[in-house]
Amino acid sequence: MLRALAVDDERPALEELLYLLRADPRVRSAEGATDATETLRRINRALDAGPDGDDAIDVVFLDIHMAGLTGLDVARLLAGFARPPLIVFVTAHEGFAVQAFDLKAVDYVLKPVRRERLAEAVRRVCDQVEASPAFTAGAATAAAPHAAADQIPVELGGVTRFISIADIAYVEAQGDYARLHTHAGSHLVRIPLSTLEERWAARGFVRIHRRHLVALGRIDELRLDAGVTTVRVGDAELAVSRRHARELRELLMRRARG
């Protein structure tokens with residue numbers, strides 16, 4: 001069962017969040033804090049007590065807009081701790097999902113908080129705690145943030161969902177946005193293609209065109225026809241620019257030999 005800390009500088013919002021958390025049978029205890037100073041003091045006490053101590057905290061449900069330090073600032077500070085609690089952002093603003101992803105948040109819940117949506121966030125926290133041997137009963141080890149980094153948040157009808165990067169076959173640039181293509185459909189995120197290219201290079205994503213980033217392992221066919229190079233990724237046929245064609249061929253050959 002989870003031990004939670006809810007943080008919001010608006011008392012009515014905090015009380016509502018605490019009420020919903022305490023009503024969830026998977027939550028053993030839920031305490032509240034109204035500012036960053038109180039939050040960090042409470043988490044320091046939890047870390048000093050250890051994962052089995054009475055003051056332990058498994059997860060922080062964290063508002064973003066607060067007086068003084070913001071929730072994002074608090075999350076950045078927690079990232080420097082040896083064994084920080086998990087983080088779920090709870091906010092009225094949709095525009096911070098990318099930062100939430102960068103800070104390894106487990107989930108991103110929009111206000112007004114619905115009971116069903118919060119229950120889903122609690123489930124995700126429980127799943128992450130139970131699925132990884134890197135977790136003890138009360139706190140995450142350094143392996144926990146790595147698990148969260150395997151996903152990217154996308155907005156679907158006002159609900160933030162996290163999709164696995166491993167499910168993405170290719171990415172298409174659309175201005176300052178990028179469209180992620182998976183076998184189940186596509187998702188638009190407000191992240192430039194160049195940013196994803198840098199982040200996902202180590203995951204096997206390669207730039208083949210100014211408009212496309214492709215997962216190397218998802219390329220089914222490379223074709224050269226009348227001087228024009230294309231690749232087939234599932235049902236999609238994508239052009240390869242001349243500047244990327246040679247490097248792509250070498251990468252595919254190296255992958256085949258390996």
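Me: Which residues touch the most other members of the largest nonpolar core?
Reply: In this predicted model, they are Leu 5, Val 7, Val 60, Leu 62, Phe 89 and Tyr 108. The core holds 26 residues.

Me: Which elements give two or more residues to this core?
Reply: Strands S1 (2-7), S3 (59-62), S4 (86-91) and S5 (107-110) do, along with helices H2, H3 and H4 (97-102). A second, separate core has 23 residues, including Leu 17 and Cys 126.

Me: What is Val 60 in contact with, leaving aside neighbours within four places in sequence?
Reply: Its contacts are Leu 5, Val 7, Ile 43, Pro 85, Leu 86, Ile 87 and Val 88. Each has heavy atoms within 4.5 Å of Val 60.

Me: Why is H2 called roughly parallel to H3?
Reply: The angle between H2 (residues 36-49) and H3 (residues 71-79) is about 25°. Angles under 35 degrees count as roughly parallel, so H2 is roughly parallel to H3. Their axes lie 10 Å apart, and the crossing is right-handed.

Me: What makes the contact of H2 with H3, and how many of its residues are charged?
Reply: H2 brings Ala 36, Thr 39, Leu 40 and Ile 43. H3 brings Val 74, Leu 77 and Leu 78. By class, six are nonpolar, one is polar and none is charged. Thr 39 is the polar one.

Note on methods:
Residues numbered from 1 in each chain as written. Predicted model: local features only at pLDDT ≥ 70, side-chain atom pairs only at ≥ 80, totals over all residues. Heavy atoms only, no water. Axes fitted to C-alpha atoms, helices over the stretch in contact; angles between N-to-C directions. Helix = DSSP H or I, 4+ residues; strand = E, 2+ residues; numbered from the N terminus. Parallel < 35°, antiparallel > 145°, perpendicular 65-115°, else oblique. Left-handed = near helix turned anticlockwise from the far one by under 90°. Core = buried A, V, L, I, M, F, W, Y, C linked by side-chain atoms within 4.5 Å. Buried < 20%, exposed > 50% of the residue type's maximum accessible area, 1.4 Å probe, protein only.
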